[in-house]
Amino acid sequence: MGKSTGFLEYERKTGPETPAAERIRNFKEFHGRLSEEEQRLQGARCMECGVPFCQAGCMIAGMASGCPLHNLVPEVNDLVYQGNYEQAYVRLSKTHSFPEFTSRVCPALCEAACTCGLHAGPVSTKENEKAVIEYAYAHGLVKPDQPKVRTGKKVAVVGSGPAGLAAAQQLNRRGHSVTVFERSDRPGGLLRYGIPNMKLDKAVIDRRIAVMENSGIEFRCGVNVGKEITGEELLKEYDRVILACGASNPRNINVPGREAGGIYFAVDFLSRVTKQLLDTNFEQVPYELAKGKNVVVIGGGDTGNDCVGTAIRLGAASVVQLEMMPKPSEERLLSNPWPEWPKVLKTDYGQEEAIEVFGHDPRIYQTTVTEFLKNEEGNVCGAKVVSLTPEYDEAAKRVVMKPVSGSEKEIPADLVLIAAGFLGCEGYIPDSFGVECNARTNVNTAAGSFKTNVERVFSAGDMHRGQSLVVWAIAEGRAAAKEVDASMMGYTNL
């Protein structure tokens, strides 16, 4: 695929980025694109490796290697090299519902498993994908997909995040009538309010939602299923229900002083910022949330990084990001060989911006909070932290992080953002349907299935598998749609 000697002739190149000092002045996307000719050369780098781990999507050492959607990566890259973007879009659409989302927010599992990346830079598959889908939109290739025949079956999808949208798209294509319920005021779920605009412009979501609406999918926003509509009521009206409500139950930090004002869960904070920007057409930025404040972000990962970047845009006086685990190695260890996911240090856009503004990396590793300090008004004004060290716990039979005696200290904190992950779905939704959850509070199903213990009720996405990536949510939504289709029709051609 590609040019047989392309990986030897052309080095990896990605689109330009707006410099950190400039991009922190607004909430616009800052990843630019290569010219069409330059992008074709990047497609040429896809080597005829024989075993395309990039599209395998298999689990190796407990981690995903390659794309969970099993995108036809070498074929798409080859079509980019040939300049045949229309066929590249057709090929990509066979396996992928929303390339415009993953090409912006996915950590690129495909590239981490690229054979070319074993000794040089991997093929820029993520940017090739973005070039294909943006070409498709610009040239009218992404069209409403109204089915020629309707089956008469009705499906309710609860949640309009990537899993719910993918399931709705597939079931509508099959001819079923699909209604998507969303408790927020706008569709998109995590894509809308969990990911900042500079990472995923919300106009990109609106563009896709418009195509889906014109394809016959109905969106009912501002409807909280489980509270305003019961599970019983939905099952009376619809033939099948898919629960795709996400893992929206955040993990708390239960230490003294947690009740202080100015302590927020990360997604609540990010949602509040995005909503005000959207409500005012980006004319009113909520600077009051962080301007002049010492911000402490608890937790790493993408959400923690998004909090860092957002706080900087809101004029924070300082930003500190606490991470419990040790600092990752800057190079692959022998214990982490290719094509495993590389467990190496990653400095993302938020940390890059913190380095630009404050002169140092905001992350403090092997550290956790033991107490929040309050001022006379009851608002947070500081945090007591302690260093941690990894030790093997005989009882637990694993390495745990334990406090280092005498390492306690206080740091200033006027705004605390908890980005410590999620515990699973919010209980009132499965309770309304009588759906069972497992010990991790994810919806319980048989392995490899999306069917719950309740007849005609299915689940997909983070609500089903736990907190994960957008690409996994899309894969789950598509797979759940296939199972739902088969359950109604006796067979499936999805």
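Colleague: At what angle do helix H3 and helix H4 pack?

Modeller: This is a predicted model, in which local features need pLDDT of at least 70, side-chain atom pairs count only at pLDDT 80 or more, and totals for chains, interfaces and linings use all residues. Residues are numbered from 1 along each chain as its sequence is written, and side-chain values use heavy atoms, without hydrogens and water. Helices (H or I, at least four residues) and strands (E, at least two) are DSSP runs numbered from the N terminus. H3 (residues 36–44) and H4 (residues 73–82) have axes 7 Å apart and pack at an angle of about 140°.

Colleague: Which term describes H3 relative to H4?

Modeller: Axes are lines fitted to C-alpha atoms, for helices over the stretch in contact, and angles run from 0 to 180 degrees between N-to-C directions. Under 35 degrees counts as roughly parallel, over 145 as roughly antiparallel, 65 to 115 as roughly perpendicular and the rest as oblique. The angle is about 140°, which makes H3 oblique to H4.

Colleague: Which strands stand at the edges of the open sheet?

Modeller: The sheet has 5 strands in the order S8-S16-S9-S10-S11, with parallel pairing; two strands pair if DSSP finds at least two bridges between them. Each edge strand has a single partner strand, so one side is left without a neighbour in the sheet. The edge strands are S8 (263–265) and S11 (363–364).
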